[in-house]
Amino acid sequence: MRRSSLSIRLYRRVLILLALTGLGMGAILYVVANREIGRASDAQLVNASRLLYMMMQDDLTAGVLVARGKDQTLDEGDDPLLSSQERKAFHASYDWCMFAVFWDGKPVAQSGWGAPVSLVPRQPGLHDFKAVGDRWRSYGLPGRDPRLLVVVAERDAMREFSMVPVLRKLALPLILLIAASMVVLWWTLRKSLSEVERLATTLNARSLADLTPLARGDWSRDLGPLIVALNKLFVRLDQAYELEQAFTDDVAHELRTPLAAIRAQAQLLRKTSPVPQQEEAGRLLAVVDRAGDLIDGMLTLARLNATSVSTRSVDVHALVADVVAETLLRLPPDAMEFSVNPDHIVRWRCDPSSLQIALSAVIGNATVHARQGGQVDIAVVRSSDRLTITVGDRGCGVDAADRERLLRRFERGTANGPGSGLGLSIAVKAMTLAGGTIRLEDRQDGPGLLVVLSLPAVAD
Amino acid sequence: MPRLLVAEDDAALGSAMKRALELDGYVVDLFARGDDVLEAASVGDYDVILLDLGMPRMGGLDVLRQLRADGNATPVIIVTAFDRTRQRVAGLDAGADDYVVKPVDLEELAARIRSQLRRKDGRPADSMSVGEVTLDVSGHIAARSGEPVALTAKEFRVLALLMRRARRFVSKADLEGELYDQDHWVESNTVEVAISALRRKFGRDFIRTARGLGYMVGGPET
């Protein structure tokens with residue numbers, strides 16, 4: 001299963017953390033703000049009670065109060081403690097506050113609205129109480145005469161701090177701020193992780209054989225363990241390559257020596273035997289040579305794994321000429337004719353050794369499978385972005401359905417046909433190494449197979 | 001009768017090589033161990049040594065280096081299964097005169113031995129041979145199987161260039177250039193005329209051609 005992107009996971013976690021921090025901060029702020037508002041409201045209650053007490057000072061005589069306290073009937077209209085102006089002045093300042101004045105525990109004056117006087121606490125100091133479905137807060141201020149108590153109260157709802165209007169005002173700037181921080185956060189994350197991308201690019205640009213360790217100094221300290229691990233892997237791969245090379249050398253030696261012995265014996269037999277045995281020895285020689293070709297092909301394939309590619313400007317025409325010369329010298333005279341077009345230098349930036357191996361394999365394949373056609377036509381075509389080399393024979397061609405299969409290892413055109421079945425797979429591997437492609441087509445100008453080798457342009 | 005030393009630790013291959021070379025008229029001593037090879041080569045007077053690299057007791061390269069260090073100049077042909085370029089280079093640098101990869105064709109091996117013998121016999125330095133054809137550049141003498149062949153000046157120059165670059169294609173332009181040098185001008189078909197004359201004299205298959213590449217002489221390297 002593919003793990004989700006590291007940066008997305010990190011991004012998500014940082015966002016969640018930020019959101020939790022924001023919510024926590026909000027909650028703390030809310031609690032602190034409420035407590036402060038409660039304290040300020042309490043101070044206001046105290047102030048309101050003092051104001052009321054001061055207003056009543058003129059009219060305060062114990063006698064009146066006693067008299068009012070005794071007859072128990074309270075009529076707002078002729079309340080001697082507070083004139084209507086004084087009431088108005090109080091309500092102008094504290095219109096949300098109700099009040100009640102007690103003498104010796106009995107109500108002598110009240111605001112006329114709010115909680116029923118009977119429910120108002122008749123003790124000095126701050127108190128909470130419930131009335132008419134609300135929670136209230138009251139403050140009782142004792143007068144100079146301890147029998148007097150001025151109580152001012154307000155609904156708790158008035159004291160509570162509501163986040164809603166705050167949030168409504170802050171909504172737009174908050175959304176913008178959140179969006180901006182998300183963008184900045186993402187950008188920062190990507191920027192920090194770009195080091196990983198740079199590492200990937202560096203590794204991608206390497207050739208197969210380039211196992212030089214990465215310099216620690218070129219990378220940030222965070223990537224240190226990764227760089228160390230990669231370098232260790234490079235060392236191990238290098239050792240594995242060395243081992244593989246030594247192994248193929250051993251295989252080459254161990255296989256070729258007995259083959260050489262068989263070949264020498266067969267040749268000796270052909271030289272010294274009567275005519276019928278000479279033919280048998282000749283057939284034996286052919287089989288030995290095929291085994292030799294197979295070993296050569298396998299070694300070429302094995303060694304292509306460890307080939308290093310070095311690109312430079314190459315005269316492809318001269319390279320083709322050398323491959324054709326080598327091929328021609330292995331063939332009996334007049335076995336096949338070769339033509340190359342054009343007849344002059346064609347320069348292209350590529351890796352000459354892998355291209356030579358590919359060409360050699362393709363042309364060799366044509367001499368094995370299309371010998372009867374007697375002709376191989378090679379064309380080198382250079383365009384601005386691509387070099388194409390076509391090798392066309394006059395054999396019986398390849399069915400479209402078999403073409404993919406033929407490019408694989410040990411696949412032959414016919415089950416018991418000649419050849420090792422390695423030629424075209426060597427060409428595929430060598431072309432891949434050279435950064436190019438290979439495909440099989442029908443010849444347009446008559447029967448035969450056309451092998452198209454294509455190399456893209458590479459920068460200097 | 002030329003004497004050959006064959007160093008080969010594979011008994012079957014060694015005996016086959018020995019018999020084949022004896023049939024060609026050589027006197028052959030076969031050794032399978034490196035130290036034996038060094039001892040025999042140091043005391044015996046061999047004309048050519050065929051040296052395997054992977055021998056017990058002492059590797060072929062060590063034997064070769066020791067021989068050369070001792071001032072022994074006997075031509076050495078390395079016959080080995082190791083075919084990497086760096087292995088060839090190491091062999092030739094150690095003092096080998098030729099390098100052949102197994103499985104080797106006995107006919108080709110015989111031709112290479114003949115080549116080393118000719119060189120040893122003090123053949124002129126500017127003499128070349130390809131297959132049965134030899135060319136003595138300073139003496140202006142061409143021969144096929146030892147029989148002198150008469151050539152015109154142009155034919156000789158064309159043949160000399162082809163043989164100098166044996167086993168590789170020589171373009172028609174290069175051949176024309178070789179003739180211009182002498183005559184200052186050539187007719188358009190001069191090269192073709194010279195080639196067909198050379199084919200008549202040395203055999204049609206002696207000179208190979210490919211359209212777009214030019215001409216080439218080849219065969220076993222000699």
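In strand β10 of chain A, the residue that forms a bridge with A:Asp377 is A:Gly392. Strand β9(A), residues 375-382, and strand β10(A), residues 386-393, are joined by 7 bridges and run in the antiparallel sense. In general, the strands of a sheet pair through backbone hydrogen bonds, in either a parallel or an antiparallel manner.

The two strands are part of an open sheet of 5 strands in chain A, ordered β7-β9-β10-β12-β11, in which the pairing is mixed. At its edges stand β7(A), residues 337-341, and β11(A), residues 437-442; each has a single partner strand, so one side of each lacks a neighbour in the sheet. From one strand to the next, the twist averages 15°.

Helices of chain A pack on this sheet. Helix α8(A), spanning residues 316-330, touches β7, β9 and β10 of chain A, and its direction makes about 175° with that of β7(A).

The loop that joins β7(A) to β8(A), the latter at residues 347-350, contains A:Pro342. The peptide bond between A:Asn341 and A:Pro342 is cis, with omega of about 0°. A cis bond is also found in chain B, where B:Lys102 is joined to B:Pro103 with omega near -5°. B:Pro103 lies in the loop between β5(B), residues 98-101, and α5(B), residues 106-120. A further backbone feature of chain A is the positive phi of about 55° at A:Asp104, which is not a glycine. A:Asp104 is placed in the loop between β1(A), residues 98-103, and β2(A), residues 106-110.

Attention now turns to a pair of helices in chain A. Two packed helices are described by the angle between their axes and the distance between those axes. For α1(A), residues 6-56, and α3(A), residues 84-93, the axes come within 11 Å and cross at roughly 165°. Since angles over 145 degrees count as roughly antiparallel, α1(A) and α3(A) are therefore roughly antiparallel to each other. The crossing of α1(A) with α3(A) is right-handed. On the side of α1(A), the contact is made by A:Leu51, A:Leu52 and A:Met55, and on the side of α3(A) by A:Glu86, A:Phe90 and A:Ser93. By class, the residues of this helix contact comprise 4 nonpolar, 1 polar and 1 charged.

The remaining topic is the contact between the chains. Chain B contributes 27 residues to it and chain A contributes 29 residues. On the side of chain B that touches chain A, the elements that give two or more residues are α1(B), residues 11-23, and β10(B), residues 207-210. The largest share of that side comes from α1(B), with 7 residues. The side of chain B that touches chain A has 15 nonpolar, 3 polar and 9 charged residues.

The confidence values of the prediction complete the description. Chain B has an average pLDDT of 87, and 94% of the residues score at least 70. For the complex, the predictor gives an ipTM of 0.77 and a pTM of 0.62.

Technical notes: Residues are numbered from 1 along each chain as its sequence is written. Chains are lettered from A and ligands numbered from 1 in the order in which they are written. This is a predicted model: local features need pLDDT of at least 70, side-chain atom pairs count only at pLDDT 80 or more; totals for chains, interfaces and linings use all residues. Two residues are in contact if their C-beta atoms, placed from the backbone, lie within 7 Å. Helices (H or I, at least four residues) and strands (E, at least two) are DSSP runs, numbered from the N terminus. Ala, Val, Leu, Ile, Met, Phe, Trp, Tyr, Cys and Pro count as nonpolar, Asp, Glu, Lys and Arg as charged, and the others, Gly among them, as polar. Two strands pair if DSSP finds at least two bridges between them. Axes are lines fitted to C-alpha atoms, for helices over the stretch in contact, and angles run from 0 to 180 degrees between N-to-C directions. Angles under 35 degrees count as roughly parallel, over 145 as roughly antiparallel, 65 to 115 as roughly perpendicular and the rest as oblique. A crossing is left-handed if the near helix is turned anticlockwise from the far one by less than a right angle, and right-handed if clockwise. pLDDT is the predictor's confidence in each residue, from 0 to 100.
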